[in-house]
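Please keep the sequence and the structure in view while reading.

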Amino acid sequence: MALAASEHWRDEKINGVIYDMSPAPDFRHGIINNNINRIIGYGLKGSICLVFMENLDYKYHPDVNDDYVCPDVMIICDRKHLKGGSYSGVPRYIAETLSHSTAKRDRTVKMEIYEKAGVEEYWIVSPQGSVEIYYLEGGKYVLEQHYMLEEDKEEDAYNAETEIVLRGFPHIKMTLGEIFEGVK
């Protein structure tokens, strides 16, 4: 069934409240998510783990209620928790790319959801060129790295070739330049 122009295509349900995720975010949001997803997907070839981009609901406490969020990029390794269009296990990694309509929720409510669920690594990516990397330490997120992309090779702070390694998947590496490739 096709959606009417006035109907939304994505939503999230947090604490029983439905959040409309439309309109779709800026095109840069999709480029960044695709870049991260592509690199991770290539690195997971031959693995039992899977990477999903914007198309799988995460039911973060299915034993309590039917709340769900839709992470931008998510790695899961226990496939037994996949059912239809949702996942109810504990993701190993989640990245959220900020948009005007979701930035506050990504930095607060969703970050707390992922922390409580036990997601080991959480990235907050800004289309303006920053990446914040949080690791779960003692049940709480700790900001381990914060990068601001500088692509001008003439600048002292040039860092487009800085390599970022996924903590739980040390063979998966990407540079800041690769994350933001095609955004400008």
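The torsion about the S-S bond of C49 and C77 is about 105°, so the disulfide (a pair of cysteine sulfur atoms within 2.5 Å) is right-handed. C49 lies in the loop between α1 (27-43) and β3, whereas C77 lies in the loop between β5 (73-76) and β6 (82-83), so the pair ties together parts that are 28 residues apart in sequence. Helices (H or I, at least four residues) and strands (E, at least two) are DSSP runs, numbered from the N terminus. The S to S distance between C49 and C77 is 1.9 Å, and by the distance rule the count comes to one disulfide. C70 is in no disulfide, and the nearest cysteine sulfur, that of C77, is 18 Å away.

This is a predicted model, in which local features need pLDDT of at least 70 and side-chain atom pairs count only at pLDDT 80 or more, while totals for chains, interfaces and linings use all residues. Residues are numbered from 1 along each chain as its sequence is written, and side-chain values use heavy atoms, with hydrogens and water left out.

| Residue | Relative accessibility and class |
|---|---|
| C49 | 9%, buried |
| C77 | 14%, buried |
| C70 | 4%, buried |

N15, in the loop between β1 (11-14) and β2 (17-20), has a phi near 55°, a positive value in a residue other than glycine, and is exposed at 60% relative accessible area. E54, in the loop between β3 (50-53) and β4 (57-58), likewise has a positive phi near 55°.

Conventions:
Buried means under 20% relative accessible area, exposed over 50%, partly exposed in between (1.4 Å probe, protein chains only).
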